[in-house]
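Student: I have a new structure to look at. Can you walk me through it?
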Amino acid sequence: MEVLKSKKVLQDFIERQKEMGKKIGFAPTMGALHNGHLSLYKKAREENDLVVSSIFVNPTQFNNSEDLEKYPRDINRDILILENSGLVDAVYIPEVTDIYPEKTESQRYDFNGLENEMEGKSRPGHFDGVGTVVEELFDQVKPDNAYFGEKDFQQLAIIKKMVENKKIPVKIQGVSIYRAENGLALSSRNQRLLENRREDSKVIYETLKKVNEWFRVITISEIKDRVQDIFDHQRGMQLEYFLIADEDTLKETDFFYKDRNFRAFIVVVVDGVRLIDNMHLD
């Protein structure tokens, strides 16, 4: 596996691969890798000649400087995980100046309103930061396919919209949420939880499964009340928000419509660690 530590080295590498006509699959990460990330590379390996990873903790998508500082980082461990997986041909580890050559600040984007829902309400500018780093990485890596997990469903939708609006020649592929045996969606932030609290946090997935059972049986208002009641009885957990939204617009809904697809979204803070999850409603 090639370890590419500068924009120049990456570009030389990509140019050689393109000359050989190789189809490139790419999944950017912020490191702290786990099996959820590897599931992206597994799909990429099936569909491409060459698989590229990147590891870059993007400062412009953090609204909280403390959260940025606490974000887990262990680059040597991450490289070892990628090497041992046998799924990745090259990993790009840029410096901040490779992504932001002048000022470390975001561009402004119009994501057709997707950025104003859910996470966007409490994290102003977050998706501008996501768009900026992803667009720059696409420009540098020049992938044919790019892979993102459905755990960050809003981010996935926003990246699809950016690619559509800017006519970027890359196909965005969503990959199903990778879960631990107890159902907890794998996340780099999970590493900040004690093992027993990760086990306790399975209640998030269990709640989403109940919501899927309740969907179309009781009203959304009643579902919300039941979800709130569940977390009112969980020690050290705070329900930040729960809602049901249209999968295309991400707008919250209070009613069911037969011709639309809906998804439940939930954010729970467990011992100060913010966990997000979602589920398509059948």
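Tutor: We will start with the whole chain and then look at a few places in it. Keep in mind that this is a predicted model.

Student: How many helices and strands are in the protein?
Tutor: The protein has 11 helices and nine strands.

Student: What does the radius of gyration say about the protein?
Tutor: The value is 19 Å. A compact globule of 282 residues would come out near 19 Å, so the two agree. Along its principal axes, the C-alpha trace spans about 60 × 40 × 40 Å.

Student: What share of the residues is buried?
Tutor: Of the 282 residues, 51% count as buried.

Student: Switching to charges. How far apart are the mean positions of the positive and negative ones?
Tutor: They are 1 Å apart. There are 41 positive and 50 negative charges.

Student: Now a helix. Which residues of α4 are buried?
Tutor: Helix α4 covers residues 75–85, and Asp78, Ile79 and Leu82 are buried there. Seen down the axis, the buried residues of α4 fall within an arc of 100°, so they line one face of the helix.

Student: What about the other side of α4?
Tutor: Asn76 and Asn84 are exposed there.

Student: What covers the buried residues of α4?
Tutor: The cover includes strands β1 (2–4), β3 (50–55) and β4 (90–92), along with helix α2 (35–47). Just after α4 comes glycine 86, with a positive phi of about 70°.

Student: Next, serine 187. Where does it lie?
Tutor: Serine 187 is in the loop between β6 (171–175) and α9 (195–200).

Student: Is serine 187 buried or exposed?
Tutor: Serine 187 is buried. Its relative accessible area is 13%, and buried means under 20%.

Student: Which residues is serine 187 in contact with?
Tutor: Leaving aside neighbours within four places in sequence, serine 187 is in contact with His34 and Lys151.

Student: One more loop. Where is proline 101?
Tutor: Proline 101 sits in the loop between α5 (96–99) and α6 (119–122).

Student: Buried or exposed, that proline 101?
Tutor: Proline 101 is exposed, because its relative accessible area is 65% and the cut-off for exposed is over 50%.

Student: How far is proline 101 from methionine 237?
Tutor: Their C-alpha atoms are separated by 41 Å. Along the chain, proline 101 and methionine 237 are 136 residues apart.

Key: Residues are numbered from 1 along each chain as its sequence is written. This is a predicted model: local features need pLDDT of at least 70, side-chain atom pairs count only at pLDDT 80 or more; totals for chains, interfaces and linings use all residues. Side-chain values use heavy atoms; hydrogens and water are left out. Helices (H or I, at least four residues) and strands (E, at least two) are DSSP runs, numbered from the N terminus. The radius of gyration is taken over C-alpha atoms; the globule rule is 2.2 Å times the number of residues to the power 0.38. Buried means under 20% relative accessible area, exposed over 50%, partly exposed in between (1.4 Å probe, protein chains only). Lys and Arg count as positive and Asp and Glu as negative; His and the chain ends are not counted. The place of a charge is taken as NZ of Lys, CZ of Arg, CG of Asp or CD of Glu. The arc is that of the directions from the helix axis to the C-beta atoms. Contact means heavy atoms within 4.5 Å.
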